[in-house]
Amino acid sequence: MKKLFSEDYGGLKLKCQIIKEKSDNYGKFIIKNSSDIAKLLEPMQKADKEEFVLVLLNSKNTVIGVNKLYIGNIDNICISPREIVKISLLANARSVIIAHCHCSDDPNPSNEDKETTKKLNEVLTKPNACL
């Protein structure tokens, strides 16, 4: 746990800490191309419901976290861009990869997928993160 600051404001103590779990699950897994991300997310291919995953990367494209954020139903998933930005910033990620599976085995993005990606790109680039 890293202590960022601790201040006393008229008897009220304000403390901010970052909690980061240590995980060696990814080792030094570096994303160099789409095949690398496909290998990392291979377990998603067996999902019977739509799943939304956020892969967090450092400045050298090393995976620093993989979060399964949302599970939908057979053909729908609801996500919150705010949560994606929050998790990305708290992890100090330089860039992120978003992925979700289609249970229909059709890998082509829907119009909703394209709109969501566009919206996420807009909100993630504001705090200087990359998609």
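A salt bridge here is a side-chain nitrogen of Lys or Arg within 4 Å of a carboxyl oxygen of Asp or Glu, and for charge Lys and Arg count as positive and Asp and Glu as negative, while His and the chain ends are not counted. Residues are numbered from 1 along each chain as its sequence is written, and side-chain values use heavy atoms, with hydrogens and water left out. Because the model is predicted, local features need pLDDT of at least 70 and side-chain atom pairs count only at pLDDT 80 or more, whereas totals for chains, interfaces and linings use all residues.

**Surroundings of D113**

- D113 is found in helix α3, where helices (H or I, at least four residues) and strands (E, at least two) are DSSP runs numbered from the N terminus.
- The side chain of D113 makes polar contacts with two histidine side chains, that of H102 at 2.8 Å and that of H100 at 3.3 Å.
- A polar contact is a pair of N or O atoms within 3.5 Å; within protein, one must be able to donate a hydrogen and the other to accept it, and residues adjacent in sequence count only if both atoms are side-chain atoms.
- Leaving aside neighbours within four places in sequence, D113 is in contact (heavy atoms within 4.5 Å) with H100 and H102.

**Overall build**

- The protein has three helices and five strands, which run β-β-α-β-β-α-β-α from the N terminus on.
- Buried residues make up 27% of the 131 residues.
- Among contacts between residues at least 6 apart in sequence, 55% join residues at least 24 apart.

- Beyond its neighbours within four places in sequence, F52 is in contact with N67, K68, L69, Y70, I77, I79, I84, I98, A99, H100 and L120.

- In α2, the residues P81, I84, V85 and S88 are buried.
- Seen down the axis of α2, these buried residues fall within an arc of 95 degrees, so they line one face of the helix; the arc is that of the directions from the helix axis to the C-beta atoms.
- The cover over the buried residues of α2 includes β3, β4 (63-71), β5 and α3, while on the other side of the helix R82 and L90 are exposed.
- After α2 comes N92, whose phi is positive, near 60 degrees.

**Salt bridges**

- A search of the whole structure finds three salt bridges.
- One of them joins the side chains of E51 and K68 (3.4 Å, N to O); E51 lies in strand β3 and K68 in strand β4, so the pair ties together parts that are 17 residues apart in sequence.
- E51 is buried, with a relative accessible area of 13%, and, leaving aside neighbours within four places in sequence, E51 is in contact with M44, K68, Y70, I71, I77, A99, H100 and C101.
- K86 forms a salt bridge with E83, the closest N and O atoms being 3.2 Å apart, and both residues lie in helix α2, three residues apart, about one turn of the helix.
- The side chains of E83 and R82 also meet in a salt bridge (3.5 Å, N to O), and salt bridges that share partners join R82, E83 and K86 into one network.

How values were computed:
Buried means under 20% relative accessible area, exposed over 50%, partly exposed in between (1.4 Å probe, protein chains only).
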